[in-house]
Amino acid sequence: MKLLIVDDEELTRTGVISSIDWKALGIEEVLQADDGINGLEMAKQHRPEIILCDVRMPRMTGIAMLERLEKILPDTIPIFMSGYSDKDYLKAAIKLKAVNYIEKPLNPAEIREAVLEAIELYTKKIRSHRGETLQSMENASRLAQLLTTPGIDSLQAAEQLAEELALPYGSGTQVTCVIIRLRTAPEFVQPSPEEIYHGFHNLLQHYHSDCVYVAKKLQFLVYFIFSPDSFSSLMASDIQKFLEEQFGSYEDHFIAMGESYHGFSKAYQAYTSAVILLESSFFFPANSYLTPEISQNSSSAKSAPGFVPESLLSEALSSQDSDKCGQILKDLEEQYFRNTQVLPDQTKDLYYKLFLSLENARRQQKLPLHSSNSGSMMSLLENCFTFQELHNTLCSQVDNYFSDLQDAVPENSTIFLIRDYISKNYGNETLSVKDISDHVFLSASYVCTFFKNETGQTLNQYLTEFRMEKAKALLADPRYKIADISSRVGYSDGNYFGKSFRKYTGLSPSEYREKLNR
């Protein structure tokens, strides 16, 4: 804590400072001023928790100074000291809720006692404020949650909470919803969502407006802004500047401000407007600030006649025409980038088919497969935060396809069939050498010898390695439990899986996952 001593007598100030062990009381800094005017400026600048001041001083009395400070520092605790036993001064001091009144000549023990009492009172005040703030934030979050739910019951409960929070909720209130979509949950990022909320609240107060917010599914922050009138251009600009600055320290994100509606009862429409706009964010560059006006300037995602990307790409890959593939990918990017007419899921479905076309082409050319099961391919699609990221991934894999074609040493067709069969069936715990040999129409003993001669590995070594690599990829995704991963890669016995994984990597599955997350 900080303590400010205001007294026009220098000897009094220095005597008080030197006679008490302030640090032992929890006072880290002792400031001083020689009259009420200078004391006022010092208090504004340093914001002390306790003010020890004389009553009568030249230029401005201690009473007048503290009356001015009451609005600026309402929690600061005053202690008066004076050589005059004047009832009027005492009454004024009591009115200002002074914790104590010490008469001169000053007794250090009395000062110490008064300061300890002031510290206790200040601590109680702050605890009380924190409790009130926490309760207010919980109610604000409940209100925001209710406003994301349609129905008359939700609206009635929301109106009751809005009244408790002293928010405008009449028919003339303008309601606007802003949703922030984050790539990752904001657990360890600064500023925290709570700090941003308080800053946003303070900004809106300048425009006689207010807001509430709620976090949904960890990666979405939903704000409702209540204002008595439509946003001025300055207010809209200040809101955008504030949100962009605050979320600038976060990993990739989007900010979507939906349409504004008049009337508290239209809050859900404001929310759905922002949700629809946020859907389109997938097609824009990361960290974009989206408003309803983007629909007027975005692409319409119209396909050229006969443009069927999956069949065209499949044909170009099979014929090994890299120029044609490049043109198809360029047309795709022009069609979908910055559009607001297509849903992200529709686009991801299309790209899923394009990735399948690429995998089929690799099979035809007997090239190593990158995504040999639908699960890993779907995971790839889900993890793409933007269309551009998704498109660039496809472009990269197409480039790798043509690069591998140039560098490829033709693989024996039987070896390719064995690898392909394992890639499709490795999750089957009963997969055996006999199953593989039956698939390629050879005896089990001959398949084992042939595979070892061609690859330098035994069939069992290759199968174990394949399963372990798949397990490593799955362990990188925290959504999958280790027991689930074990069964997904063909191990019904979790203990046996753990032993095999340690033998392969030198770490247990949980240790490997922990290492990835460091």
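Is Asp34 buried, partly exposed or exposed? Select Asp34 in this predicted model: the residue is partly exposed, because its relative accessible area of 35% lies between the limits of 20% and 50%. Asp34 sits in the loop that runs between β2 (29–33) and α3 (36–46).

Next, go to Arg59, which is found in the loop between β3 (50–54) and α4 (62–72) and is exposed, with a relative accessible area of 58%. Its backbone deserves a careful look: most residues other than glycine have a negative phi. Arg59, although not a glycine, has a positive phi of about 70°. Arg338 also has a positive phi, near 65°, and you can find Arg338 in the loop between α13 (322–336) and α14 (344–364), where it is partly exposed, with a relative accessible area of 38%.

Turn now to the aromatic rings, of which the structure holds 23 pairs. In one of these pairs, the ring centres of Phe451 and Tyr462 lie 5.6 Å apart and the planes meet at 55°, so the pair is tilted. Phe451 belongs to helix α19 (residues 444–455) and Tyr462 to helix α20 (residues 459–475), so that the pair links distant parts of the chain, 11 residues apart. Phe451 is buried, with a relative accessible area of 0%, and Tyr462 is buried as well, with 9%.

Definitions and conventions
Residues numbered from 1 in each chain as written. Predicted model: local features only at pLDDT ≥ 70, side-chain atom pairs only at ≥ 80, totals over all residues. Heavy atoms only, no water. Helix = DSSP H or I, 4+ residues; strand = E, 2+ residues; numbered from the N terminus. Buried < 20%, exposed > 50% of the residue type's maximum accessible area, 1.4 Å probe, protein only. Phe/Tyr/Trp six-rings, centres within 6.5 Å; stacked < 30°, edge-to-face > 60°.
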